[in-house]
There are 2 protein chains.
Amino acid sequence: MSIQDRRERERARREKLIITAARELAEAEGWEAVTTRRLAERVEYSQPVLYSHFKGKDAIMTAVALEGFADLAAELRAARTAAPDATEALARISAAYVAFAERRPALYDAMFSQRVDLPFATPEAPAALHAGFDELAAAVGPHADGADPDLLTEAFWAALHGLVTLMRGGRLPRGQHERRLALLIACFTRGPAGSGHSL
Amino acid sequence: MSIQDRRERERARREKLIITAARELAEAEGWEAVTTRRLAERVEYSQPVLYSHFKGKDAIMTAVALEGFADLAAELRAARTAAPDATEALARISAAYVAFAERRPALYDAMFSQRVDLPFATPEAPAALHAGFDELAAAVGPHADGADPDLLTEAFWAALHGLVTLMRGGRLPRGQHERRLALLIACFTRGPAGSGHSL
DNA sequence: TTCTCGTTACTAGCATTGCTAGCGAAACGG
DNA sequence: CCGTTTCGCTAGCAATGCTAGTAACGAGAA
């Protein structure tokens, strides 16, 4: 069985190579530059090899997105756990989220702006997805103040996502970003139901 | 000059026809089904005619998006002006925004999820864009409570946008949408700086 | 009326895309 | 050492956005 094992190992290695190459190419020149031919050339295999690993180009992007969710979760965790208190935690995790999206726009696109068939809001969702959500939830939860923490996390996540995508598309002026983000956080840090904390 | 006039009129009419056909085709089958060939067939002209009106496919999508912004502004206005008070106005305009995006996903994509070269956050932005923003601002402003109203409007718009796009992409469970939206509004209706209104 | 000329829309084609069929070689099992 | 099976490649398909070159139409002059 050792031969089969080696083959599977090599195969897995090659699959990883494809995913990495796709991500790097996308981050360097955008997804529209990621064609199956260029990708194949980059991994030094022929085009059809890609299709023995992935069903199609979309599947490759999905795989890249999955890696991205893991990265994002890790960065969010680092930002959150480095904060001294709950208020600072929300501020830092928000900044980390925005920074991730700004620093790796192509990756963020694969994760969020792509019609990708991953189970998201279900228990079957990949672990990296849950990890990312849990990080946000851990930062948002302390400010829930009676409201449903998960629901509030979803709303906050959506707000961050909207901020990032609109800014990236030029729909929001970049200059005011810091103030806008602070304002958004201020809206959430007092909880949705009245007895507010102070700023 | 009347002949030239007629020609220009016919030309404008045809341009409108192209835009409408593109929108309808996109709304019926999605943008990936909108190819220049199918579009040309639909307007009963040959392919190159499209390029005598628009620089390329992207320009056609931009034109569709512009129409969309006008539509959205109108619907937002209707929702806002029908509300009895400021709190209700924000609730209704939010619902209208979400409803628009849900009812016309392809149009919404052209407006927001496309790399389109329109000036957005500048005075040169098309009137329809300003109109839409102004509607939101008129609904959000009364709840600013000391904060910069434009900035708060931008943040709220971003939140709505994030909610809509994440839900559409399956990233947020659809079942909780109403509660999530209400929660988001609750976060904004007390203004970002303390002396909160009641729910 | 007839000729000329500019406009206009079409036919045909290019390069590139994602994807697949079919072959040839290499490697494994006996 | 041979038969079989796996595997990756060459070549090609249909469809894409876009463009070059051409034929036809209509307006104005002779």
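**Labels and their cut-offs**

Visitor: Why is Arg23(A) called buried?

Guide: Arg23(A) has a relative accessible area of 15%, and buried means under 20%, exposed over 50% and partly exposed in between, with a 1.4 Å probe and protein chains only, so the value falls in the buried class. This is a predicted model, in which local features need pLDDT of at least 70 and side-chain atom pairs count only at pLDDT 80 or more, while totals for chains, interfaces and linings use all residues. Residues are numbered from 1 along each chain as its sequence is written, chains are lettered from A and ligands numbered from 1 in the order in which they are written, and side-chain values use heavy atoms, with hydrogens and water left out.

Visitor: How do you know that Arg23(A) and Glu27(A) form a salt bridge?

Guide: Their side chains meet at 3.5 Å, N to O, and the rule asks for a side-chain nitrogen of Lys or Arg within 4 Å of a carboxyl oxygen of Asp or Glu, so the pair qualifies. Both residues lie in helix α1 (residues 2-29) of chain A, 4 residues apart, which is about one turn of the helix; helices here are DSSP runs of H or I with at least four residues, strands are runs of E with at least two, and both are numbered from the N terminus. Glu27(A), at 33% relative accessibility, counts as partly exposed.

Visitor: What is the size of the interface, and which residues of chain B lose the most area?

Guide: The area buried between chain B and chain A, meaning the accessible area (1.4 Å probe) that the two parts lose on being put together, summed over both, is about 3400 Å², with carbon and sulfur atoms giving 65% of it. On the side of chain B, Leu151(B), Arg171(B) and Leu183(B) lose the most area to chain A, together 20% of what that side buries. In terms of contact, which requires heavy atoms within 4.5 Å, 43 residues of chain B meet 43 residues of chain A.

Visitor: Why is Ser94(A) called buried, and which residues does Ser94(A) touch?

Guide: Its relative accessibility is 0%, so Ser94(A), which is placed in helix α5 (residues 86-103) of chain A, falls under the 20% limit. Leaving aside residues up to four places away in sequence, Ser94(A) touches Phe156(A), Leu160(A), Leu181(A) and Ile185(A). His177(A), in helix α9 (residues 177-189) of chain A, is likewise buried, with a relative accessible area of 10%.

Visitor: What makes Glu44(A) stand apart in phi, and why is Glu44(A) called exposed?

Guide: Phi of Glu44(A) is near 60°, a positive value in a residue other than glycine, and the residue lies in the loop between α2 (36-43) and α3 (47-53) of chain A. At 71% relative accessibility Glu44(A) is over the 50% limit and therefore counts as exposed. Asp145(A) also has a positive phi, of about 60°, without being a glycine, but with a relative accessible area of 28% Asp145(A) is partly exposed.
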